[in-house]
Amino acid sequence: MDLLHTPTSMAKRPCPFPSSPSSPPPNPNKLPNMNNQVGNLLQTFLNLADSHSLSIDQSLEHLLDSSPCDADQSLLIDRALKLGSLLLEAGNRSARKRSSVHNSLTWALPPDLTIKLFSMLDAQSLCYAAATCSMFYKCAMDPLCYANIDLTTVVPKVNNAVVSTMIQRAGKALRSLKLGIVPGPTLPHGSCQPLVYGIRNAVEVSNFSWNDKKTRQGKESSTLTRYCLTPLSGDNGAAGAVLRGLHLYNIERIDNTSLCGALSACPSLLDLEIIGLHVDLRQTLVSVSLNCPLIERLFFESSKTGRDDSLKSSTCVDLVNNCPNLTSLALRGFKLYDYKLRILVKGFCKLKYVDFSTSYSITGSFLRNLGGDMGGSLLEVLIFRDCMHLKELEVARLFASVLAGDFRFLRYLDISNREGLAAAGDSYGRCYSLSIIPTKQVLEERPDICLLAEFPSEGSFVDLGQMTDSDLTSEVSLSSQLSSRASDGLSFMCTSEINYSSDQTSGNEEG
(Lines give C-alpha, C1' and ligand atoms only; values in the text may rest on other atoms or scores of the structure.)
Protein backbone atom coordinates (compact mmCIF):
# COMPACT_ATOMS: atom_id res chain seq x y z
CA MET A 1 0.00 0.00 0.00
CA ASP A 2 2.99 2.34 0.39
CA LEU A 3 3.24 2.52 -3.43
CA LEU A 4 -0.06 4.45 -3.56
CA HIS A 5 1.38 7.36 -1.58
CA THR A 6 2.83 10.39 -3.35
CA PRO A 7 6.61 10.77 -3.45
CA THR A 8 6.46 13.69 -1.03
CA SER A 9 4.92 11.49 1.63
CA MET A 10 7.80 9.03 1.31
CA ALA A 11 10.40 11.50 2.56
CA LYS A 12 11.42 10.44 6.05
CA ARG A 13 13.48 13.50 6.96
CA PRO A 14 13.96 17.01 5.65
CA CYS A 15 16.78 17.53 3.20
CA PRO A 16 18.82 20.70 3.17
CA PHE A 17 18.81 22.56 -0.16
CA PRO A 18 22.23 22.77 -1.76
CA SER A 19 21.96 26.48 -2.31
CA SER A 20 19.91 29.28 -0.84
CA PRO A 21 17.97 31.70 -3.04
CA SER A 22 19.47 34.51 -1.02
CA SER A 23 23.05 33.48 -1.71
CA PRO A 24 25.25 36.38 -2.86
CA PRO A 25 26.06 36.73 -6.59
CA PRO A 26 29.45 35.47 -7.77
CA ASN A 27 32.42 37.77 -7.59
CA PRO A 28 33.16 39.25 -11.08
CA ASN A 29 36.88 38.88 -10.48
CA LYS A 30 36.45 35.12 -10.21
CA LEU A 31 34.34 34.77 -13.42
CA PRO A 32 37.29 34.02 -15.76
CA ASN A 33 38.46 31.28 -13.45
CA MET A 34 34.91 29.92 -13.21
CA ASN A 35 34.57 29.95 -17.00
CA ASN A 36 37.76 27.95 -17.29
CA GLN A 37 36.46 25.45 -14.78
CA VAL A 38 33.13 25.18 -16.62
CA GLY A 39 34.99 24.75 -19.88
CA ASN A 40 37.13 21.96 -18.49
CA LEU A 41 34.11 20.29 -16.95
CA LEU A 42 32.15 20.61 -20.20
CA GLN A 43 35.04 19.07 -22.09
CA THR A 44 34.90 16.13 -19.71
CA PHE A 45 31.15 15.80 -20.29
CA LEU A 46 31.61 15.92 -24.04
CA ASN A 47 34.20 13.19 -23.88
CA LEU A 48 31.48 10.99 -22.39
CA ALA A 49 29.61 11.19 -25.69
CA ASP A 50 31.75 8.32 -26.94
CA SER A 51 30.93 6.20 -23.89
CA HIS A 52 28.36 3.46 -23.97
CA SER A 53 24.91 4.64 -22.95
CA LEU A 54 24.66 1.78 -20.46
CA SER A 55 27.62 3.10 -18.47
CA ILE A 56 26.04 6.57 -18.27
CA ASP A 57 22.76 5.03 -17.13
CA GLN A 58 24.54 3.03 -14.46
CA SER A 59 26.46 6.11 -13.26
CA LEU A 60 23.25 8.12 -12.96
CA GLU A 61 21.54 5.29 -11.10
CA HIS A 62 24.50 5.11 -8.72
CA LEU A 63 24.18 8.83 -7.98
CA LEU A 64 20.47 8.43 -7.34
CA ASP A 65 21.03 5.50 -4.99
CA SER A 66 23.60 7.49 -3.06
CA SER A 67 21.19 10.38 -2.51
CA PRO A 68 19.85 10.48 1.05
CA CYS A 69 16.18 11.22 0.24
CA ASP A 70 13.55 11.29 -2.47
CA ALA A 71 13.69 15.08 -2.86
CA ASP A 72 17.40 14.93 -3.64
CA GLN A 73 16.79 12.23 -6.23
CA SER A 74 14.07 14.29 -7.92
CA LEU A 75 16.31 17.35 -7.92
CA LEU A 76 19.15 15.33 -9.44
CA ILE A 77 16.91 14.04 -12.23
CA ASP A 78 15.62 17.57 -12.94
CA ARG A 79 19.15 18.89 -13.16
CA ALA A 80 20.17 16.08 -15.51
CA LEU A 81 17.25 16.90 -17.79
CA LYS A 82 17.96 20.63 -17.63
CA LEU A 83 21.65 20.10 -18.37
CA GLY A 84 20.79 17.92 -21.35
CA SER A 85 18.35 20.55 -22.63
CA LEU A 86 20.93 23.32 -22.22
CA LEU A 87 23.56 21.31 -24.06
CA LEU A 88 21.08 20.58 -26.88
CA GLU A 89 20.15 24.25 -27.24
CA ALA A 90 23.78 25.35 -27.15
CA GLY A 91 24.70 22.75 -29.75
CA ASN A 92 21.88 23.88 -32.07
CA ARG A 93 22.86 27.53 -31.70
CA SER A 94 26.47 26.77 -32.46
CA ALA A 95 25.48 24.70 -35.49
CA ARG A 96 23.33 27.53 -36.81
CA LYS A 97 26.10 30.07 -36.29
CA ARG A 98 28.57 27.87 -38.14
CA SER A 99 26.08 27.37 -40.96
CA SER A 100 25.47 31.10 -41.21
CA VAL A 101 29.21 31.79 -41.35
CA HIS A 102 29.58 29.11 -43.99
CA ASN A 103 26.66 30.48 -46.02
CA SER A 104 27.91 34.05 -45.77
CA LEU A 105 31.27 32.92 -47.13
CA THR A 106 29.88 30.76 -49.93
CA TRP A 107 26.81 32.89 -50.88
CA ALA A 108 27.97 35.13 -53.68
CA LEU A 109 25.54 38.04 -53.19
CA PRO A 110 25.79 40.75 -50.54
CA PRO A 111 22.79 41.30 -48.24
CA ASP A 112 21.29 44.18 -50.27
CA LEU A 113 21.26 42.15 -53.48
CA THR A 114 19.95 39.12 -51.61
CA ILE A 115 17.04 41.21 -50.34
CA LYS A 116 16.46 42.48 -53.87
CA LEU A 117 16.39 38.90 -55.13
CA PHE A 118 14.03 37.78 -52.38
CA SER A 119 11.68 40.66 -53.17
CA MET A 120 11.07 39.04 -56.57
CA LEU A 121 9.91 35.75 -55.06
CA ASP A 122 6.30 34.79 -54.47
CA ALA A 123 5.10 34.51 -50.88
CA GLN A 124 5.51 30.74 -50.61
CA SER A 125 9.02 30.70 -52.07
CA LEU A 126 10.01 33.53 -49.75
CA CYS A 127 8.88 31.50 -46.74
CA TYR A 128 10.87 28.52 -47.96
CA ALA A 129 13.97 30.70 -48.32
CA ALA A 130 13.51 32.13 -44.82
CA ALA A 131 13.47 28.61 -43.35
CA THR A 132 16.79 27.69 -44.96
CA CYS A 133 19.20 29.36 -42.56
CA SER A 134 19.48 32.33 -40.21
CA MET A 135 21.23 34.46 -42.84
CA PHE A 136 18.43 33.94 -45.34
CA TYR A 137 15.87 34.42 -42.58
CA LYS A 138 17.35 37.80 -41.70
CA CYS A 139 17.27 38.89 -45.34
CA ALA A 140 13.76 37.51 -45.85
CA MET A 141 12.45 39.57 -42.92
CA ASP A 142 13.43 42.83 -44.59
CA PRO A 143 10.31 44.94 -45.38
CA LEU A 144 11.36 45.33 -49.01
CA CYS A 145 10.74 41.61 -49.51
CA TYR A 146 7.05 42.24 -48.83
CA ALA A 147 6.61 45.38 -50.91
CA ASN A 148 4.51 43.50 -53.49
CA ILE A 149 2.34 40.92 -51.74
CA ASP A 150 0.57 38.39 -53.96
CA LEU A 151 -1.57 35.93 -52.00
CA THR A 152 -3.91 34.90 -54.80
CA THR A 153 -4.64 31.18 -54.95
CA VAL A 154 -6.73 28.71 -56.94
CA VAL A 155 -8.15 27.15 -53.77
CA PRO A 156 -8.94 28.93 -50.49
CA LYS A 157 -5.87 28.50 -48.29
CA VAL A 158 -5.07 32.02 -47.06
CA ASN A 159 -6.68 33.50 -43.96
CA ASN A 160 -6.73 36.89 -42.27
CA ALA A 161 -3.76 36.06 -40.04
CA VAL A 162 -1.50 35.44 -43.04
CA VAL A 163 -2.54 38.72 -44.66
CA SER A 164 -1.98 40.62 -41.41
CA THR A 165 1.49 39.12 -40.92
CA MET A 166 2.56 39.98 -44.46
CA ILE A 167 1.31 43.57 -44.21
CA GLN A 168 2.99 44.06 -40.84
CA ARG A 169 6.29 42.80 -42.23
CA ALA A 170 6.01 45.17 -45.18
CA GLY A 171 5.13 48.21 -43.10
CA LYS A 172 5.80 51.44 -44.94
CA ALA A 173 7.46 49.53 -47.79
CA LEU A 174 4.12 48.09 -48.98
CA ARG A 175 3.36 48.96 -52.60
CA SER A 176 0.86 46.40 -53.93
CA LEU A 177 -1.50 43.79 -52.47
CA LYS A 178 -3.31 40.98 -54.31
CA LEU A 179 -5.82 38.77 -52.51
CA GLY A 180 -8.46 36.20 -53.35
CA ILE A 181 -9.24 33.27 -55.59
CA VAL A 182 -8.42 33.28 -59.29
CA PRO A 183 -9.40 30.55 -61.76
CA GLY A 184 -5.88 30.19 -63.09
CA PRO A 185 -2.85 32.27 -64.07
CA THR A 186 -3.63 35.98 -64.15
CA LEU A 187 -4.67 37.03 -67.63
CA PRO A 188 -3.23 40.08 -69.38
CA HIS A 189 -4.92 43.38 -68.73
CA GLY A 190 -7.83 43.74 -71.11
CA SER A 191 -8.56 40.08 -71.59
CA CYS A 192 -12.28 39.49 -72.03
CA GLN A 193 -12.39 36.21 -70.17
CA PRO A 194 -14.35 36.77 -66.95
CA LEU A 195 -12.57 36.15 -63.68
CA VAL A 196 -15.68 36.00 -61.51
CA TYR A 197 -15.13 32.82 -59.55
CA GLY A 198 -16.64 31.33 -56.40
CA ILE A 199 -15.04 29.33 -53.61
CA ARG A 200 -17.04 26.26 -54.57
CA ASN A 201 -15.79 26.59 -58.16
CA ALA A 202 -12.24 26.46 -56.85
CA VAL A 203 -13.08 23.42 -54.75
CA GLU A 204 -14.48 21.55 -57.72
CA VAL A 205 -11.62 22.40 -60.07
CA SER A 206 -8.84 21.45 -57.67
CA ASN A 207 -10.45 18.33 -56.13
CA PHE A 208 -10.17 20.12 -52.79
CA SER A 209 -12.56 18.60 -50.27
CA TRP A 210 -15.14 21.10 -49.12
CA ASN A 211 -15.93 18.92 -46.10
CA ASP A 212 -12.27 18.88 -45.13
CA LYS A 213 -12.25 22.66 -45.29
CA LYS A 214 -15.33 22.91 -43.09
CA THR A 215 -13.82 20.65 -40.45
CA ARG A 216 -10.75 22.87 -40.21
CA GLN A 217 -12.62 26.15 -39.91
CA GLY A 218 -13.00 25.81 -36.17
CA LYS A 219 -9.24 25.53 -35.77
CA GLU A 220 -7.65 27.56 -38.53
CA SER A 221 -9.98 28.92 -41.19
CA SER A 222 -8.57 29.22 -44.71
CA THR A 223 -11.18 31.76 -45.78
CA LEU A 224 -10.67 35.49 -46.05
CA THR A 225 -13.37 37.46 -44.23
CA ARG A 226 -14.61 41.03 -44.40
CA TYR A 227 -11.83 42.00 -41.99
CA CYS A 228 -8.95 40.82 -44.18
CA LEU A 229 -8.15 44.42 -45.25
CA THR A 230 -8.25 45.86 -41.72
CA PRO A 231 -4.41 45.74 -41.33
CA LEU A 232 -4.18 48.50 -43.96
CA SER A 233 -5.64 50.85 -41.36
CA GLY A 234 -3.44 49.59 -38.52
CA ASP A 235 -0.54 51.55 -37.05
CA ASN A 236 -2.32 54.82 -37.93
CA GLY A 237 -2.72 53.67 -41.53
CA ALA A 238 1.03 53.41 -42.22
CA ALA A 239 0.69 50.49 -44.67
CA GLY A 240 -2.39 51.78 -46.49
CA ALA A 241 -0.94 55.28 -46.88
CA VAL A 242 1.82 54.03 -49.21
CA LEU A 243 -0.17 51.35 -51.07
CA ARG A 244 -0.17 51.85 -54.85
CA GLY A 245 -1.99 48.76 -56.15
CA LEU A 246 -4.90 46.76 -54.71
CA HIS A 247 -6.32 43.70 -56.52
CA LEU A 248 -9.20 41.73 -54.97
CA TYR A 249 -10.58 38.56 -56.56
CA ASN A 250 -13.77 36.72 -55.58
CA ILE A 251 -13.61 37.29 -51.83
CA GLU A 252 -17.24 36.53 -51.10
CA ARG A 253 -17.34 37.98 -47.58
CA ILE A 254 -16.10 41.46 -48.40
CA ASP A 255 -19.03 43.90 -48.39
CA ASN A 256 -19.48 47.60 -49.13
CA THR A 257 -18.51 48.69 -45.62
CA SER A 258 -15.26 46.73 -45.46
CA LEU A 259 -14.17 47.71 -48.98
CA CYS A 260 -14.94 51.40 -48.50
CA GLY A 261 -13.15 51.32 -45.16
CA ALA A 262 -10.05 49.88 -46.83
CA LEU A 263 -10.15 52.46 -49.64
CA SER A 264 -10.36 55.26 -47.07
CA ALA A 265 -6.94 54.14 -45.80
CA CYS A 266 -5.33 54.21 -49.28
CA PRO A 267 -4.98 57.85 -50.43
CA SER A 268 -2.04 57.03 -52.73
CA LEU A 269 -3.76 54.22 -54.64
CA LEU A 270 -2.99 54.18 -58.38
CA ASP A 271 -4.31 50.78 -59.48
CA LEU A 272 -7.57 49.22 -58.24
CA GLU A 273 -8.88 45.91 -59.57
CA ILE A 274 -12.09 44.39 -58.19
CA ILE A 275 -13.51 41.13 -59.54
CA GLY A 276 -16.37 39.07 -58.21
CA LEU A 277 -16.96 40.98 -54.97
CA HIS A 278 -20.50 41.46 -53.68
CA VAL A 279 -20.20 45.22 -53.55
CA ASP A 280 -22.21 48.03 -55.06
CA LEU A 281 -20.84 49.91 -58.09
CA ARG A 282 -22.08 53.32 -56.98
CA GLN A 283 -20.78 53.06 -53.41
CA THR A 284 -17.42 51.80 -54.62
CA LEU A 285 -17.00 54.64 -57.10
CA VAL A 286 -18.07 57.17 -54.46
CA SER A 287 -15.39 55.81 -52.12
CA VAL A 288 -12.77 55.92 -54.89
CA SER A 289 -13.78 59.48 -55.70
CA LEU A 290 -13.48 60.59 -52.09
CA ASN A 291 -10.34 58.72 -51.06
CA CYS A 292 -8.20 57.90 -54.11
CA PRO A 293 -7.57 61.13 -56.07
CA LEU A 294 -4.38 59.78 -57.70
CA ILE A 295 -5.90 56.65 -59.20
CA GLU A 296 -4.86 55.87 -62.77
CA ARG A 297 -6.37 52.44 -63.44
CA LEU A 298 -9.79 51.18 -62.35
CA PHE A 299 -10.93 47.67 -63.29
CA PHE A 300 -14.27 46.56 -61.87
CA GLU A 301 -16.08 43.35 -62.90
CA SER A 302 -19.50 42.65 -61.44
CA SER A 303 -20.34 39.41 -59.65
CA LYS A 304 -23.95 39.63 -60.89
CA THR A 305 -23.90 40.36 -64.59
CA GLY A 306 -26.46 42.91 -65.77
CA ARG A 307 -28.20 43.34 -62.41
CA ASP A 308 -26.24 46.21 -60.86
CA ASP A 309 -27.67 49.47 -62.22
CA SER A 310 -26.84 51.58 -59.16
CA LEU A 311 -24.56 54.04 -60.98
CA LYS A 312 -25.81 57.62 -60.84
CA SER A 313 -24.93 60.60 -63.02
CA SER A 314 -23.76 62.59 -60.02
CA THR A 315 -21.37 59.76 -59.11
CA CYS A 316 -19.87 59.92 -62.61
CA VAL A 317 -19.42 63.70 -62.35
CA ASP A 318 -17.72 63.46 -58.96
CA LEU A 319 -15.41 60.70 -60.16
CA VAL A 320 -14.35 62.78 -63.17
CA ASN A 321 -13.73 65.88 -61.07
CA ASN A 322 -11.90 64.14 -58.22
CA CYS A 323 -9.81 61.60 -60.18
CA PRO A 324 -8.43 63.48 -63.19
CA ASN A 325 -5.44 61.13 -63.72
CA LEU A 326 -7.49 58.08 -64.74
CA THR A 327 -6.10 56.55 -67.94
CA SER A 328 -7.68 53.06 -67.86
CA LEU A 329 -11.34 52.34 -67.08
CA ALA A 330 -13.02 48.92 -67.18
CA LEU A 331 -16.60 48.42 -65.96
CA ARG A 332 -17.64 44.90 -66.97
CA GLY A 333 -20.93 43.16 -66.39
CA PHE A 334 -22.90 46.18 -65.14
CA LYS A 335 -26.10 47.77 -66.41
CA LEU A 336 -24.76 51.01 -67.84
CA TYR A 337 -26.55 53.71 -69.80
CA ASP A 338 -24.95 55.68 -72.59
CA TYR A 339 -25.41 59.15 -71.12
CA LYS A 340 -23.57 58.11 -67.95
CA LEU A 341 -20.73 56.58 -69.94
CA ARG A 342 -20.50 59.76 -71.99
CA ILE A 343 -19.86 61.72 -68.78
CA LEU A 344 -16.99 59.38 -67.96
CA VAL A 345 -15.38 59.03 -71.39
CA LYS A 346 -15.71 62.70 -72.21
CA GLY A 347 -14.68 63.87 -68.76
CA PHE A 348 -11.44 61.92 -68.30
CA CYS A 349 -9.00 63.89 -70.41
CA LYS A 350 -6.20 61.32 -70.06
CA LEU A 351 -8.32 58.22 -70.75
CA LYS A 352 -6.63 55.73 -73.10
CA TYR A 353 -8.21 52.38 -72.30
CA VAL A 354 -11.95 51.57 -72.10
CA ASP A 355 -13.55 48.15 -71.53
CA PHE A 356 -17.31 47.77 -71.07
CA SER A 357 -17.50 44.08 -71.98
CA THR A 358 -20.60 42.03 -71.02
CA SER A 359 -22.40 45.17 -69.85
CA TYR A 360 -26.09 45.74 -70.51
CA SER A 361 -27.98 48.69 -72.02
CA ILE A 362 -24.98 50.13 -73.90
CA THR A 363 -26.01 51.02 -77.46
CA GLY A 364 -22.83 52.90 -78.37
CA SER A 365 -24.51 56.30 -78.73
CA PHE A 366 -22.20 57.75 -76.07
CA LEU A 367 -19.39 57.74 -78.66
CA ARG A 368 -21.11 60.26 -80.93
CA ASN A 369 -18.98 63.35 -81.56
CA LEU A 370 -16.18 61.96 -79.40
CA GLY A 371 -12.62 61.17 -80.44
CA GLY A 372 -11.72 64.78 -81.14
CA ASP A 373 -12.00 68.11 -79.39
CA MET A 374 -15.17 66.98 -77.58
CA GLY A 375 -13.22 64.39 -75.55
CA GLY A 376 -11.86 60.87 -75.91
CA SER A 377 -9.14 61.98 -78.32
CA LEU A 378 -6.45 59.91 -76.56
CA LEU A 379 -8.33 56.61 -76.62
CA GLU A 380 -6.16 53.71 -77.76
CA VAL A 381 -8.28 50.67 -76.77
CA LEU A 382 -12.08 50.25 -77.02
CA ILE A 383 -13.59 46.91 -75.97
CA PHE A 384 -17.34 46.27 -76.26
CA ARG A 385 -17.29 42.49 -76.42
CA ASP A 386 -20.67 40.87 -75.72
CA CYS A 387 -22.44 44.14 -74.98
CA MET A 388 -25.97 42.86 -75.53
CA HIS A 389 -27.50 46.09 -76.80
CA LEU A 390 -24.64 47.45 -78.89
CA LYS A 391 -26.24 48.71 -82.11
CA GLU A 392 -24.94 48.12 -85.58
CA LEU A 393 -25.83 51.70 -86.51
CA GLU A 394 -23.74 53.16 -83.67
CA VAL A 395 -20.78 50.99 -84.65
CA ALA A 396 -21.10 52.30 -88.22
CA ARG A 397 -21.07 55.87 -86.88
CA LEU A 398 -17.94 55.09 -84.89
CA PHE A 399 -16.21 53.81 -88.00
CA ALA A 400 -17.29 56.92 -89.91
CA SER A 401 -15.72 59.06 -87.17
CA VAL A 402 -12.46 57.15 -87.55
CA LEU A 403 -12.54 57.78 -91.30
CA ALA A 404 -13.20 61.44 -90.63
CA GLY A 405 -9.97 61.72 -88.69
CA ASP A 406 -11.19 61.25 -85.12
CA PHE A 407 -9.74 58.70 -82.68
CA ARG A 408 -6.26 59.24 -84.11
CA PHE A 409 -4.59 57.17 -81.39
CA LEU A 410 -6.99 54.22 -81.58
CA ARG A 411 -5.08 50.93 -81.93
CA TYR A 412 -7.52 48.25 -80.84
CA LEU A 413 -11.29 47.86 -81.24
CA ASP A 414 -13.35 44.81 -80.24
CA ILE A 415 -17.06 44.71 -81.18
CA SER A 416 -17.40 40.90 -81.04
CA ASN A 417 -20.71 39.52 -79.81
CA ARG A 418 -21.82 35.94 -79.38
CA GLU A 419 -25.39 36.98 -80.25
CA GLY A 420 -24.60 39.54 -82.93
CA LEU A 421 -25.17 43.29 -82.93
CA ALA A 422 -28.54 44.90 -82.40
CA ALA A 423 -30.03 45.53 -85.84
CA ALA A 424 -30.93 49.06 -86.86
CA GLY A 425 -34.67 49.79 -86.66
CA ASP A 426 -35.52 46.48 -84.96
CA SER A 427 -35.26 46.31 -81.17
CA TYR A 428 -35.28 42.50 -81.23
CA GLY A 429 -33.39 41.84 -84.48
CA ARG A 430 -29.79 40.71 -84.52
CA CYS A 431 -27.16 41.41 -87.14
CA TYR A 432 -24.39 38.90 -87.83
CA SER A 433 -22.61 40.77 -90.62
CA LEU A 434 -20.97 44.15 -91.11
CA SER A 435 -22.82 45.09 -94.28
CA ILE A 436 -23.37 48.76 -93.39
CA ILE A 437 -20.08 49.17 -91.50
CA PRO A 438 -17.17 50.49 -93.61
CA THR A 439 -14.60 48.09 -92.25
CA LYS A 440 -12.60 47.77 -95.44
CA GLN A 441 -12.14 51.52 -95.79
CA VAL A 442 -11.07 51.85 -92.17
CA LEU A 443 -8.48 49.11 -92.51
CA GLU A 444 -7.13 50.63 -95.69
CA GLU A 445 -6.79 54.09 -94.23
CA ARG A 446 -5.83 53.01 -90.71
CA PRO A 447 -3.78 49.81 -91.04
CA ASP A 448 -2.39 50.40 -87.53
CA ILE A 449 -5.77 49.50 -85.99
CA CYS A 450 -6.50 45.93 -84.89
CA LEU A 451 -10.22 45.28 -85.41
CA LEU A 452 -11.91 42.25 -83.89
CA ALA A 453 -15.47 41.32 -84.83
CA GLU A 454 -16.36 37.71 -84.02
CA PHE A 455 -19.96 36.56 -84.31
CA PRO A 456 -21.83 33.26 -83.91
CA SER A 457 -21.10 30.44 -86.34
CA GLU A 458 -24.64 30.52 -87.69
CA GLY A 459 -24.08 34.14 -88.62
CA SER A 460 -21.38 35.70 -90.71
CA PHE A 461 -17.88 35.57 -89.25
CA VAL A 462 -15.56 38.31 -90.37
CA ASP A 463 -11.86 37.70 -89.81
CA LEU A 464 -10.66 41.26 -89.96
CA GLY A 465 -7.15 40.27 -88.96
CA GLN A 466 -6.56 38.75 -92.41
CA MET A 467 -7.67 41.95 -94.12
CA THR A 468 -4.79 44.02 -92.77
CA ASP A 469 -1.75 44.43 -95.00
CA SER A 470 0.77 45.43 -92.38
CA ASP A 471 1.81 43.98 -89.08
CA LEU A 472 0.69 45.60 -85.88
CA THR A 473 3.13 47.99 -84.31
CA SER A 474 4.59 47.53 -80.87
CA GLU A 475 1.85 49.74 -79.48
CA VAL A 476 -0.74 47.00 -80.09
CA SER A 477 1.15 44.09 -78.55
CA LEU A 478 -1.60 43.98 -75.93
CA SER A 479 -4.19 43.72 -78.68
CA SER A 480 -2.57 40.65 -80.22
CA GLN A 481 -2.68 38.93 -76.84
CA LEU A 482 -6.33 39.80 -76.47
CA SER A 483 -7.14 38.48 -79.95
CA SER A 484 -5.59 35.10 -79.22
CA ARG A 485 -7.87 34.65 -76.21
CA ALA A 486 -11.02 36.11 -77.70
CA SER A 487 -11.56 33.26 -80.17
CA ASP A 488 -12.97 30.95 -77.53
CA GLY A 489 -16.64 31.85 -77.40
CA LEU A 490 -17.33 29.41 -74.55
CA SER A 491 -15.11 31.35 -72.18
CA PHE A 492 -17.55 34.24 -71.86
CA MET A 493 -20.31 34.61 -69.31
CA CYS A 494 -23.62 33.29 -70.58
CA THR A 495 -26.91 35.20 -70.49
CA SER A 496 -30.30 33.90 -71.51
CA GLU A 497 -32.48 35.10 -74.36
CA ILE A 498 -35.15 35.89 -71.77
CA ASN A 499 -32.90 38.37 -69.99
CA TYR A 500 -31.96 39.97 -73.26
CA SER A 501 -35.54 40.30 -74.51
CA SER A 502 -36.88 41.66 -71.26
CA ASP A 503 -34.09 44.21 -70.96
CA GLN A 504 -34.55 45.39 -74.54
CA THR A 505 -38.04 46.60 -73.72
CA SER A 506 -36.68 48.82 -70.93
CA GLY A 507 -34.85 50.92 -73.50
CA ASN A 508 -31.79 53.07 -72.94
CA GLU A 509 -32.23 56.17 -70.82
CA GLU A 510 -31.11 59.41 -72.38
CA GLY A 511 -30.04 62.25 -70.12
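**Close-up views of a predicted model**

**View 1. Cysteines without partners.** There are zero disulfides here, a disulfide being a pair of cysteine sulfur atoms within 2.5 Å. Cys-260 is in no disulfide, and the nearest cysteine sulfur, which belongs to Cys-292, sits 9.9 Å away. Cys-349 is exposed, with a relative accessible area of 62%; exposed means over 50%, buried under 20% and partly exposed in between, using a 1.4 Å probe and protein chains only.

The model is predicted, so local features need pLDDT of at least 70 and side-chain atom pairs count only at pLDDT 80 or more, while totals for chains, interfaces and linings use all residues. Residues are numbered from 1 along each chain as its sequence is written, and side-chain values use heavy atoms, with hydrogens and water left out.

**View 2. The open sheet.** Ten strands line up in the order E1-E2-E3-E4-E5-E6-E7-E8-E9-E12, with parallel pairing. Strand E1 (148-153) and strand E12 (450-452) stand at the edges; each has a single partner strand, so one side of each lacks a neighbour in the sheet. On average, neighbouring strands of this sheet are turned by 5 degrees against each other, direction ignored. Those angles come from axes fitted as lines to C-alpha atoms, for helices over the stretch in contact, and run from 0 to 180 degrees between N-to-C directions. Strands pair if DSSP finds at least two bridges between them. Helices (H or I, at least four residues) and strands (E, at least two) are DSSP runs, numbered from the N terminus.

**View 3. Zooming in on E1 and E2.** E1 and strand E2 (residues 176-181) run parallel, joined by six bridges. Look for Thr-153: its bridge partner in E2 is Ile-181.

View 4. In helix H5 (residues 123-130), the buried residues are Ala-123, Leu-126, Ala-129 and Ala-130. They span an arc of only 120 degrees around the axis, which puts them on the same side of H5; the arc is that of the directions from the helix axis to the C-beta atoms. The cover over these buried residues includes helix H4 (111-118), helix H6 (134-140), E1 and helix H7 (160-170). At the start of H5, a side-chain oxygen of Asp-122 comes to within 3.1 Å of the backbone nitrogen of Gln-124.

**View 5. Val-242 in its loop.** Val-242 lies in the loop between helix H10 (234-241) and strand E3 (245-249). Val-242 is buried, at 19% relative accessible area. Neighbours within four places in sequence aside, Val-242 is in contact (heavy atoms within 4.5 Å) with Gly-171, Lys-172, Leu-174 and Arg-175. Val-242 and Lys-172 are 70 residues apart in sequence, yet 6.4 Å apart in space, C-alpha to C-alpha.

How values were computed: Polar contact = N/O pair within 3.5 Å; in protein donor to acceptor, adjacent residues only side chain to side chain.
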